[in-house]
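These are my notebook entries on what I looked up, written in the order in which I checked it.

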Amino acid sequence: MPGFRLTGRPPCRMALWLARSMPAAALVLVASLMATSYAEQADNYPSRPVRIVIGFGAGGGTDAVARIVAQGLQERLGGTFLVENKPGASGRLAPDAVAKAQPDGYTLLGAAPGAMTIGTAIWDHLSYNIMKDFVPISQISDYPMLVVVNKDHPAHTIAELIAWLKANPDKANYPTPSPVFTLPIEYFKIKTGAPATPIFYRSSNESATSLLSGQTAFAFIEAPAVMPQIASGNLRALAVTVPTRIADLPDVPTLAEVGVADVVATSWFGLLAPAGTPAAIVKKLETASRQIAASDDFKARMKTMSSNSIGSTSDEFAAQMQAEVKLWSTVVKSVNIKFEQ
């Protein structure tokens, strides 16, 4: 029936009238026709380019993983998958745009936690609801953050960095493109007593550039965005922000090892679709995403970025997001951090 589509949203008056007025057999026929139509959509999907919208500029960790995933989806499903960078508002412009997009599978969100789970925990009035306005597809990878400084910075350890920040409050600053970086650093400041002022950028790539140019003093940055600069010696890693050391940097201690307990920070990349996207298309994307994550090629490419391949199911991804919102809400309350809307 042209003009009708399921959206996952409350039924309109016409739909309620149909439900009350049509005989049961006719309703069954309508439901059957809709199911057939959606199955056909999934069989033909994608029949035009698919946009994967991310909330950061080119060159950061989210952008790097998104482009690898787009290539993998294109190889498995055919068609064209394009990454669209939509930076701004600490990563919130992208989910806002995708939440309002047509729920047909041709606009997807390449998500990171800053504007999603952490954003939900710190901002009271988001224009989108991560659990109601999106359908999780798969969390495809995750990656640790590193505490990094310029190669010429005098600090070679976390203790030396803390001492330097306290001795140079006028120079104590850090770059951040989203709350996924800001929140752990603000917690780090509370735990250590070190001062630091945030300077906002559009991507982790810009954050790394600010370190390289000496505009900022230190940063928490996800591993994919800075491993090449660490390998070349232009940036120096002082610590990792996960509970255990990572294989690619075995000599770099964890924050807990150097006396800064409880400051743990990771990031991830996942795909979501607007709520109401046909289930058959979501399932097709979920299957392809999990195949990408399980492939040797993807695992190898993630390893070069000190990242992990995940490939969760839609239900697992939804449960993880719910758990993260609960965790970060507790952290925000415990440290009494306020973020501007």
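Helices here are DSSP runs (H or I, at least four residues), as strands are (E, at least two), both numbered from the N terminus.

I noted that this is a predicted model, in which local features need pLDDT of at least 70, side-chain atom pairs count only at pLDDT 80 or more, and totals for chains, interfaces and linings use all residues. Residues are numbered from 1 along each chain as its sequence is written, and side-chain values use heavy atoms, with hydrogens and water left out.

I then listed the buried residues (under 20% relative accessible area, 1.4 Å probe, protein chains only). In helix α8 (residues 204-212) they are Ser204, Ser207, Ala208, Ser210 and Leu211. They lie on the same side of α8, because they cover an arc of only 155 degrees around the axis, taken from the directions from the helix axis to the C-beta atoms.

I turned to helix α7 (residues 179-192), where 12 of the 14 residues are buried, so α7 is largely enclosed by the rest of the structure. Phe181 and Phe188 are among them. Just after α7, Gly193 has a positive phi of about 80 degrees.

Definitions and conventions: Buried < 20%, exposed > 50% of the residue type's maximum accessible area, 1.4 Å probe, protein only.
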